[in-house]
Amino acid sequence: MTDIILNNIYIILLLPLWVFLIIMLGRFFSVYVNKSIIYVLTLGASILGAILSGVGLYSLNSDKILETSFPFIKINHFIIECGLHVDKISLIFALVLFVVSFFVQLFSISYMKDEKKNYRFFALLNLFNFTMAGLFFSPNLFQTYFFWELVGVISYLLIGFEYKNPVKSLASKKVFIINRIGDTAFVAGIIMCSYFMFSYSNNINFTTLSYVDMNAISTLIYAYTSTPAFWGICLLFIIAALVKSAQVPFYTWLQDAMEAKLPVSALLHSATMVALGVFIILRLIPLFMLESGILKLIAVFGILTAFICSLCAASQNHPKKVLAYSTSAQLGLMFFALGALNIKAAVAFFVAHAVIKSMLFLTLPRENEKWSYVNFTAFLIGGLALSGMLLSGVASKELIFTSCKSGLSITAFSIISFLTAFYIFRIALKIASEGLEKVQPRVIELLAIIGLFIANILLYVYLWKYTSYKVAEPFWAALTAWVCTYILFIKNAFWKVPVLYPLTYNGFYLDNFYTNKITKIYEKCCQILGKFDSKVLTNYKPTVFVAKTGVRVTKWVETNIMNGAVLLVQKFSNFLSKLDLRLQSGNIQKYNAYAFIIITIIISLLLITYTTILLNLGVGGE
Amino acid sequence: MITMYHYLFLGLVLFVIGMIGAVVSRHVIKMLISIEFILTGVNINFITFGTFCDGIKFDGYIMSLFYVAVGAVELAVALYIFYLMYHKNKSENVEDYGDL
Amino acid sequence: MNGLTNPIVFYPACVVMILFALMTINFKNIFYSLISAIIVFFLAGMFFYVLGSEYNAIAQVLIYGIAVPVILGLSIMFTENKAKPEKNTEKGFNFKYFMYLVGGVFVLAIIYIVMTSNVVVPDGFNLTGCICQNPHSILSAFGEGIFLKYIWAFEIVAIILTIIVAGLTLFKKGGKS
């Protein structure tokens, strides 16, 4: 039974695609009007995917890898393959993806009820599931890149779902463009890897850059490249991961992505889009492992992001922005764990963060609505978990803490834990002070939140049973933070630190730098080039002469040659139409005769060519 | 010594003559006869293969039997169409039928 | 040397058959061409007999040699229209001879294909020799073929014949009203 599931794991991948096609085509041709069919199909695809990947995860032996691939494009010896690559990591990622997306879809049934054309929304969610699952199961870097681009496009579509709103469409465009930097870096890295493999490797299998041969490929690349070139390749991949995971120089796009609908944010910021950076680094760990400096670089980037984004989050006033910065910060912690080669902790924290963060997003109220008590309680529970004091949060954070070796990193980690607890409790107190009200809870939305909470508990039970962790500094730091924040709130003494507050509130002005300075530099370049055109080239005599001669030549060609050609075409079509008139005589015998003649001509020509080819090859001649 | 190829050649020639006749002739009945020539040529091919290549089942013979039956049916239908056209145009020349 | 591989039987019959077929399409008088067509059909029946398929030969002679020409002759008799002179063919370019040329090219091409093709001969495929035929086995093969193997084709042909007969009657009635 389990073997059957493992052998047919592609069903996970195809179910959302089928649902997407069914919804889009069905609505396009107005086959059905009833929306409950859409809901049932969407939820069914997600829950089936979750069950299948869960069973597969349960029955897969720990080090086993199932791989099938076949050539997709073939140019001489250069082959791009596509297929499936099933191992523990991909199944874990798929399981988290489908669990989270199931609850998010359940939530959005209630949330998007009154939206126009919401079938498009559900179809896009399904397509997104398909692309993510395809990326997790892809066997080589080329297919990963293919799905990587698709994820970018579909996230653009999802964020800009209300494309008639100019602010939102602009935000989605910006997200897309910033993501393009990472895509370019990624494809450049792939091309360099492929080039080195193609020129130096004797084994033709390595040129497909399959993940199964990743160890051998990395060793070969390391052996045949100079150190700067190797660093360049690794840096390109790291940049791709940094951009997709919203790390230090590129974390601005996550705030723009906040313009999206609530379910979209919950999906994008937890298990799907930002997970890609972690996933790609997990896949390419054999490459980065060869040079310890690169691993250190990843860890430094991670801890830097965690620090900066925690600071930024501490000064935001809107819960959505706080959550966005906190996503960047938590992903930074994951990068830190990956840099320390603590892969188990990174994956555990990824799962925990996905569940907690999507739950936190789902508790947020709609625009122009106040917080209800139920939602606020759920937000508090999620905040406790996020700051590492409750359930899966505490277990996974302590697991990550085990990768801290030096005193410096222990200190930094404690500070980050403190900041995390501080900003989450600060925003919670702010919400509470603005006043809560009793609202009749929406049953379906509550169900989704409770489901995610249960997933959280299950994860905690698993971690508690199968891993050993002990409560250490981060927990105490977080506890201190909650107490400090509460005291500060009671004394009404949240300071706005003079320099730090505006700096962090605006995200260290990185966004302004991108929008103002870089576009200005680009405009300056354009202006200088324009001036060069108008001032220098026009006064330089040979250029003018060349331009004038060109105009004359084109004029002559137009009058003498082009007109003649047009006339020729006209006459030729006249002749053809006359011929056509004779063909349409309506005489069936004539038609028969033409058919016979044409068949004879074709057969004779084929024979003649065939015989000449044979004679030239020396086969037919005696 | 006559081989299979001779019989096949005979079928081929009959087929081509039928083809030319169907295209060239002006009289409708002549056209129909030419079409029957085509069928006969194909039949000869079938029976040749049945004799030379298949000594157990004789599928070619059975197939040619079907051909004869279907050819007769086709002829009946064609004659009826000819009858209708003749009533309409009062002519047996094919060129008078040429308005689609 | 039996009838199948005997050139003294084959060549004269072959020449006569092709000649009469050509005459059929070249006669101006439709009755002459009908008579030569009857000869062609009879000769085809003879070839069937020589090839060892007596049953097919009988069917050919009965249907094409006798029944069909009778029907055709009847329809010619009913539609003979002597008032109209036959139209002249087109001037200059003679379409008929051009078609002969095309047909010749076609025949040559097909012969070339057959002669140069080196097909892998499967088991039981006897290109030159004849197979010893046992009339009893042919009969049983016919029975098995028609009533077991090709039963559906047989039924369909029967149904088509029925439909044709019924359809012609209906046409006739519709034409009158």
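Reader: At what angle do helix α25 of chain A and helix α1 of chain B pack?
Author: This is a predicted model, and the helices in question cover residues 588-617 of chain A and residues 4-24 of chain B. Their axes lie 8 Å apart, and the packing angle is about 140°.

Reader: Which residues of α1(B) make that contact?
Author: On the α25(A) side, you'll find Gln589(A), Asn592(A), Ala593(A) and Phe596(A). Across from them, α1(B) brings in Met19(B), Ala22(B) and Val23(B).

Reader: And by class, how many residues in the contact of α25(A) with α1(B) are nonpolar?
Author: No charged residues turn up there, and 2 are polar. The nonpolar ones number 5.

Reader: Moving to chain A by itself, what share of its residues count as buried?
Author: Chain A has 25 helices and 2 strands. Of its contacts with a separation of 6 or more, 78% join residues 24 or more positions apart. Out of 622 residues, the share that counts as buried is 42%.

Reader: Is Thr68(A) buried or exposed, or something in between?
Author: Thr68(A) sits in strand β1, residues 66-75 of chain A. Leaving out residues up to four places away in sequence, it touches Gly83(A) and Leu84(A). Being buried takes 20 or more C-beta neighbours within 10 Å, and exposed means 12 or fewer. Thr68(A) has 14 inside 10 Å, so it counts as partly exposed.

Reader: How far is the C-alpha atom of Thr68(A) from that of Asn7(A)?
Author: Along the chain, Thr68(A) and Asn7(A) are 61 residues apart.

Key. Residues numbered from 1 in each chain as written. Chains lettered and ligands numbered in written order. Predicted model: local features only at pLDDT ≥ 70, side-chain atom pairs only at ≥ 80, totals over all residues. Axes fitted to C-alpha atoms, helices over the stretch in contact; angles between N-to-C directions. Helix = DSSP H or I, 4+ residues; strand = E, 2+ residues; numbered from the N terminus. Contact = placed C-beta atoms within 7 Å. Nonpolar A, V, L, I, M, F, W, Y, C, P; charged D, E, K, R; others polar.
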